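Let's take a walk through this structure together. Have a look at it first, and then read on.

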Amino acid sequence: MKNTENNKNLYRRYLDDLYTTEDAREILNSLHDPDNYEALHELSSDVWEEAATQQPHTDLEREHYKREARQLLKRIEHKKRTWLRRIAVAAISTAAIVCLVLGGIHYLEHLNERQIIYLEASTSYGERKQVLLPDGTQLILNSCSHVRYPNNFTGEERKIELEGEGYFQVHKNEEQPFIVSTRRFDVRVLGTCFDIKSYSSDEIVSVEVESGKVQVDLPEAMMRLKGKEQVFINTISGEYNKRREERPVAIWKKGGLRFNSTPIRDVAKELERMYNCHITFADGKFNNLISGEHDNKSLEAVLQSIEYTSGIRYKKEGKHILLYK
């Protein structure tokens, strides 16, 4: 009996919006216990009696209730009052249970949203790092990159923020799209493997798809890519180059470098990130576009290759490099 009274008080506090987080959890757990139905039944009866004692406050409400009463009397004139009371109490009991369940679920969802914590991972010069996201998605960060993501994906999408370059193996979930947000564009997928390169300091940004399909959302455009396709976007001119490439994606994971008509100044920034060096340019214009692939070469070997293909020379003193013509 005492337990029933305690449960009634708990449900009453819930209906009056005077409850704690622990109360909400206890209510949801108690709804699964048939022993608590008596408390719900008694509470429903109390609510019914309270509602019956309330008087309408306006003439409009008074007429409305009179009209409803006349209609009700016509339906029940041949029935017993005890039968009506049982039906009404049963209906209110059901409504009370539904309200408690739906309200509790909504409140717990609200609590979960408030409890989301955002995590971050970063890499420094010459560093690469593996990150396992909450949904099982695997991410490898390239040098000087940063990712921000929630400790739990809730809602209709899985959204993270990326600055720099990362290779993704996205855990497939068609009900909850995976979105990578960068300063230049967003990439939306359901489940696939792809590479995003979007350093805010670079002129050229890119998306390369290894398998599956991705959607690239730009401020004023949208494009779709499938396996073995890639797009390079010039953030200054707004031009983009979409093409198919059979070669492996993200060779930087194994220490390689690949340039596809890359501006020399972007090449210099990538060498700085990978080899932890500092590159400056002598006076003059450097509009050269660099292409080529380097498989785990030393900085000296890469500089020599650039000099051979572009005519841009270099002077190296420790970690400081000067490029000149």
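Here is a short tour, from the whole chain down to a few residues.

Keep in mind that this is a predicted model, where local features need pLDDT of at least 70, side-chain atom pairs count only at pLDDT 80 or more, and totals for chains, interfaces and linings use all residues. Residues are numbered from 1 along each chain as its sequence is written, and side-chain values use heavy atoms, with hydrogens and water left out.

The protein chain has seven helices and 18 strands; these are DSSP runs, with helices being H or I of at least four residues and strands E of at least two, numbered from the N terminus. Of its 325 residues, 39% are buried, meaning under 20% relative accessible area, while exposed is over 50% and partly exposed lies in between (1.4 Å probe, protein chains only).

Now for helix α6, residues 264-275, where you'll find glutamate 270. Is glutamate 270 buried or exposed? Its relative accessible area is 10%, so glutamate 270 is buried. Setting aside neighbours within four places in sequence, glutamate 270 is in contact with Lys197, Leu257 and Phe259, contact being heavy atoms within 4.5 Å.

Over to strand β13, residues 240-244, which holds lysine 242. Lysine 242 counts as partly exposed because its relative accessibility is 40%.
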